Amino acid sequence: MPALAAFSLLAGALTATAGAAATGGLDIAIGKAVFDRMWVQAPASTKHADGLGPLFAARSCASCHAGSGGRTTFRLGRDDPASHPGLVVRFGDAAGAPDPVYGAELQPQGVSGAAGEGRAVVSFATASIGRIATPEWSVADWGYGQPAATTRLSPRVAPSLAGVGLIERVDEAAILAREDADDRDGDGVSGRANRIVMPAGPAIGRFGWKAAEPTLEAQAASAFALDIGLSTALRPDSAGDCTPEQTACRAAPMGADPGETEVAEPLMTRLVAYLDHLAPPPAASYNPRGARLFASVGCGACHAPSLALKGGGEANAYTDLLLHDMGPDLDGGMGEGSAAPSEWRTAPLWGLSRALAQGSGLLHDGRAASVRDAVAWHGGEAAGARSRFAELSESERNALLEFVNRL
Ligand code: HEC
Ligand code: HEC
């Protein structure tokens, strides 16, 4: 169904049914329309589609997750971070506190007289791992003066959303069972859950490169607030990531009347239904030798081939959803939730073949051009696996890479 048709349908249906369950297919179609929706500046004649910004990084979810929830093609060193869709720069100090002027994310664009915050720029230091140089991030043309001295830049690529519904359904007990914060088994791999404090109580983070969001709704609310500048029940501020220091932004017209949110609750429900419905990547081809090496080298200590779902079934996502200290080379300087700057969520490896086929850079900032490069950046808790990988014979290493390349 075309986005506009779904929206008009919903506009009428919402008032009429007031929360009554619609058919699943219609919910998903409307959710997709919300995902694809190009939000516009308030005030607009289409009330349910305005409220963009005033500061924003993109106008729709689909601008960063193109192709119905795909990963961005951004690759560090090849693509310009200032103009490539799906590359986001987060702001925060070592404990995760946002910048007092710029907030939690760089929004390069503004409407209603609010100036954009600046342009992401990257250069490469001479110190390098093998042939890969260490990236150094900065912002050109800061729109509101210098940020706080403690503010760090944390670039992140938009991941694929295939299978996020299963990630949400992974049994919390299955995640916690793999925690080994003090490395009692002495394998060098610890891993701990990102424990988040939500208004409803404590929760375990699952989504984002630092597992800072516990649910799809929370992740979508964060995207609406930080990326697009829209308010939701979980993040009710219509000005999104505008801080009190950004006065033009605070004074701009908003897309919701007092007491309402720019994204109405029924739209959020449908959006979550759409995300939940995105099929997981197809199962990888059978490769017993590669799979055995993946396990024996210790990749599987973090990239767990299977996690049990609540209510039965499993997610073959190749992640434990835990945070691991990945060493100084992947330390971005910014914490998030209970995650330290050097800690990252084990990246799910399902769907990696698609990312490689479309030329996406791997790792949180897209710095690795191949699986071999990605492994070369693994340090900290993954240092043991990296050296066992390096010690494999050429034929074994190729078998392992072949296995991962086809996930
Ligand atoms: C400006 C680019 C951008 C826009 C717009 C955007 N995203 Fe994202 N998305 C990202 C990035 C970058 C991440 C990784 C975030 C992190 O690590 O904190 C992400 C992560 C996610 C995740 C978590 C995936 C995972 O595996 O953990 C979900 C779900 C998601 N986005 C949904 C959405 C939805 C829904 C919207 C629209 C409301 C949206 N995104 C808009 C860039 C974007
Ligand atoms: C100690 C836990 C740990 C071990 C062991 C480990 N990884 Fe990782 N892996 C991670 C984390 C955490 C990330 C995300 C790091 C980042 O983005 O900065 C990651 C990212 C990756 C990525 C990039 C995925 C993407 O979507 O961009 C690949 C590929 C990968 N690992 C492969 C491997 C292979 C192959 C091995 C074994 C040689 C291995 N890993 C061992 C934790 C681990």
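The model is predicted. Two histidines supply the protein donors of the iron atom of ligand 2, while 25 residues surround ligand 1. The structure also holds nine aromatic pairs.

**The iron site of ligand 2**

- The iron atom of ligand 2 has His303 and His378 as its protein donors, and the NE2 atom of each lies 2.1 Å from the iron.
- The two histidines come from distant parts of the chain, 75 residues apart. His303 belongs to the loop between α10 (288–297) and β9 (307–308), whereas His378 belongs to the loop between α12 (371–377) and α13 (383–391).
- As a point of reference, ideal angles for six octahedral donors are 90 or 180 degrees.
- His303 has a relative accessible area of 12%, so it falls under the 20% limit and is buried.
- His378 has a relative accessible area of 16% and is therefore buried by that 20% limit.

**The surroundings of ligand 1**

- Among the 25 residues around ligand 1, the closest are Cys61, Cys64, His65, Gly208 and Trp209.
- Arg345 takes part through its side chain, where an N or O atom is 3.2 Å from an oxygen atom of ligand 1.
- At least two residues of the shell come from each of α3 (61–64), β2 (87–92), β6 (152–157), α7 (216–228) and α9 (265–277). Helix α7 gives the largest share, six residues.
- By residue type, the shell consists of 17 nonpolar, four polar and four charged residues.

**Aromatic pairs**

- In general, a pair of aromatic rings is described by the distance of the centres and the angle of the planes.
- Of the nine aromatic pairs in the structure, one is formed by Phe35 and Tyr274; their ring centres are 5.4 Å apart and their planes stand at 50°, so the pair is tilted.
- This pair links helix α2 (residues 24–36), which holds Phe35, with helix α9, which holds Tyr274, across 239 residues of the chain.
- Both partners are buried: Phe35 has 1% relative accessibility and Tyr274 has a relative accessible area of 3%.
- Phe91 and Trp142 form another tilted pair, with 5.8 Å from centre to centre and 40° between the planes.
- Phe91 lies in strand β2 and Trp142 in the loop between β5 (132–140) and β6, 51 residues apart.
- Phe91 is buried at 1% relative accessibility, and together with Tyr102, Trp142 and Tyr144 it forms one aromatic cluster.

Terms used. Residues are numbered from 1 along each chain as its sequence is written. Chains are lettered from A and ligands numbered from 1 in the order in which they are written. This is a predicted model: local features need pLDDT of at least 70, side-chain atom pairs count only at pLDDT 80 or more; totals for chains, interfaces and linings use all residues. Side-chain values use heavy atoms; hydrogens and water are left out. Donors are N, O and S atoms within 2.8 Å of the metal (3.2 Å for Na, K and Ca); water is not among the atoms, so sites may look incomplete. Helices (H or I, at least four residues) and strands (E, at least two) are DSSP runs, numbered from the N terminus. Buried means under 20% relative accessible area, exposed over 50%, partly exposed in between (1.4 Å probe, protein chains only). A residue is near a molecule or strand if one of its heavy atoms lies within 4 Å of it. A polar contact is a pair of N or O atoms within 3.5 Å; within protein, one must be able to donate a hydrogen and the other to accept it, and residues adjacent in sequence count only if both atoms are side-chain atoms. Ala, Val, Leu, Ile, Met, Phe, Trp, Tyr, Cys and Pro count as nonpolar, Asp, Glu, Lys and Arg as charged, and the others, Gly among them, as polar. Rings of Phe, Tyr and Trp (its six-membered ring) pair if their centres lie within 6.5 Å; planes under 30 degrees apart count as stacked, over 60 as edge-to-face and the rest as tilted.
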